Amino acid sequence: MKEFDAIYKSALDELHSEGRYRVFAELVRHCGHFPRARRSTADGEQEVTVWCSNDYLGMGQHQKVIEAMKEAIDHCGAGAGGTRNISGTTHYHVLLEQELADLHGKESALIFTSGYISNWATLGTLGAKIPGLIIFSDALNHASMIEGIRYAKCDKVIWKHNDVADLEAKLKAADPKAPKLIAFESVYSMDGDIAPIKEICDLADKYGAMTYLDEVHAVGMYGPRGGGIAEREGLMDRLTVIEGTLGKAFGVMGGYIAASAALCDFIRSFASGFIFTTSLPPSLAAGAVASIRHLKASPFERARHQERVRKLRGLLDARSIPHMPNPSHIVPVMVGDAAKCKWISDLLLDDWGIYLQPINYPTVPKRTERLRITPTPLHSDADIEHLTEALHSLWSHCALARHVA
């Protein structure tokens, strides 16, 4: 209704004035030529290089994945046919859950339509259905985890980010008889830091708590078979639930949990976000199976990826471009101003053919605005040099602070 338009416009005008209004770039990826894409504009088409994709390893363009998806469509068509309970479970879904359980060394796995839904549905169901459960949530957990815990309406305790001393103090202060669950991530997507998983598991053992680890930014990327940080550190068996995504390093779409057979069956049977949602198309499940199987056996993509990250960081240091140090593959280049961050992003796209979206509040705190760079194994030396030269030029143009070694 038109009388509400003023409310919408006022809120949007505020986003514009703060430099936080989000503009979507209309891109078409070149099949087989990632990270190249074609941008559609009013002036025609522009070739760009994508530097902010969560398709971390380029598996969305991998021939094995594409062929598996095409074969599944040829075999059984496009849609899933319904929810998992009503004609929406296919052999491809069963195979995918078996692959995921094997990847994480768990009895079972359960797939969802997205990583957001897998967090929301699982945490929401555990919190709502386990009497007296207290969820201890890291302060920087993803919005999907926060929303799931809110939906559960159970008791929750927020502990300081990656601070095991604060976590222990809060566990110690809680009712010793109450069931407990510690929810946290392995790689945090904006700062790129990594949780002290072993120390958190030690506290869980000490206080009788379950553990829920979100590995969405780590699966496929770390560990001998791509099982994530927990696999790399030999800790998967100590975690109650491992949650992941199929939409980042695996290159397709969907989310999942891996856990005991009883826990997965519990979520399958009680989570509304699972029960009442149409299942993933069989082609996506088939593509995910192909991607997981390839990355279980191939260390090449992970090794090349880490080498590309080191190369980029080295050239950023050589140009004195400030980037946040961390032990992961995420390279946050710090700007510290929303309007300038958006301006630099626009100039990179328009003048340099570089697609790199600004990250502003509320995704990150104000005055920590940044460009979140995600190198892939498919970015060449020339791509990295072009990016760092562009940033060097724009840093001078915008009179931004340089990193001092």
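A crossing of two helices is left-handed if the near helix is turned anticlockwise from the far one by less than a right angle, and right-handed if clockwise. The model is predicted, so local features need pLDDT of at least 70 and side-chain atom pairs count only at pLDDT 80 or more, while totals for chains, interfaces and linings use all residues. Residues are numbered from 1 along each chain as its sequence is written, and side-chain values use heavy atoms, with hydrogens and water left out.

H12 passes H14 in a right-handed crossing. Helices here are DSSP runs of H or I with at least four residues, strands are runs of E with at least two, and both are numbered from the N terminus. Helix H12 (residues 300–318) packs against helix H14 (residues 381–397) at an angle of about 30°, their axes 10 Å apart. Axes are lines fitted to C-alpha atoms, for helices over the stretch in contact, and angles run from 0 to 180 degrees between N-to-C directions. H12 is therefore roughly parallel to H14; angles under 35 degrees count as roughly parallel, over 145 as roughly antiparallel, 65 to 115 as roughly perpendicular and the rest as oblique. On the H12 side the contact (heavy atoms within 4.5 Å) is made by Arg308, Lys311, Leu312, Leu315 and Leu316. H14 contributes Asp381, Ile384, Glu385, Leu387, Thr388 and Leu391. By class this contact has 6 nonpolar, 1 polar and 4 charged residues, where Ala, Val, Leu, Ile, Met, Phe, Trp, Tyr, Cys and Pro count as nonpolar, Asp, Glu, Lys and Arg as charged, and the others, Gly among them, as polar.

Helix H4 (residues 115–129) packs against two helices, one of them helix H5 (residues 143–152): the axes of H4 and H5 come within 7 Å and cross at roughly 30°. That makes H4 roughly parallel to H5, and the crossing is right-handed. Residues in this contact include Trp120 and Leu123 of H4 and Met145 and Ile149 of H5. The classes are 9 nonpolar, 6 polar and 1 charged. With helix H9 (residues 261–270), the axis of H4 comes within 10 Å and crosses at roughly 90°, so H4 and H9 are roughly perpendicular. Thr122, Thr125, Leu126 and Lys129 of H4 meet Phe266, Ile267 and Phe270 of H9.

The largest nonpolar core has 58 residues; such a core is a set of buried Ala, Val, Leu, Ile, Met, Phe, Trp, Tyr and Cys residues joined through side-chain atoms within 4.5 Å. Helix H11 (residues 282–297) gives the most to this core, with 7 residues. Ile182 is among the residues with the most contacts inside the core. Beyond four places in sequence, Ile182 touches residues including Phe136, Trp159, Leu167 and Tyr212. A second, separate core of 30 residues includes Leu316, Val333, Leu347 and Leu371.

Ala174 lies in the loop between helix H6 (164–173) and strand S7 (180–185). Ala174 is buried, at 15% relative accessible area; buried means under 20%, exposed over 50% and partly exposed in between, with a 1.4 Å probe and protein chains only.

Ser87, with phi near 65°, is exposed at 52%. Lys153, with phi near 60°, is exposed at 73%. Cis peptide bonds join Phe34 to Pro35, with omega about 15°, and Tyr361 to Pro362, with omega about 10°.
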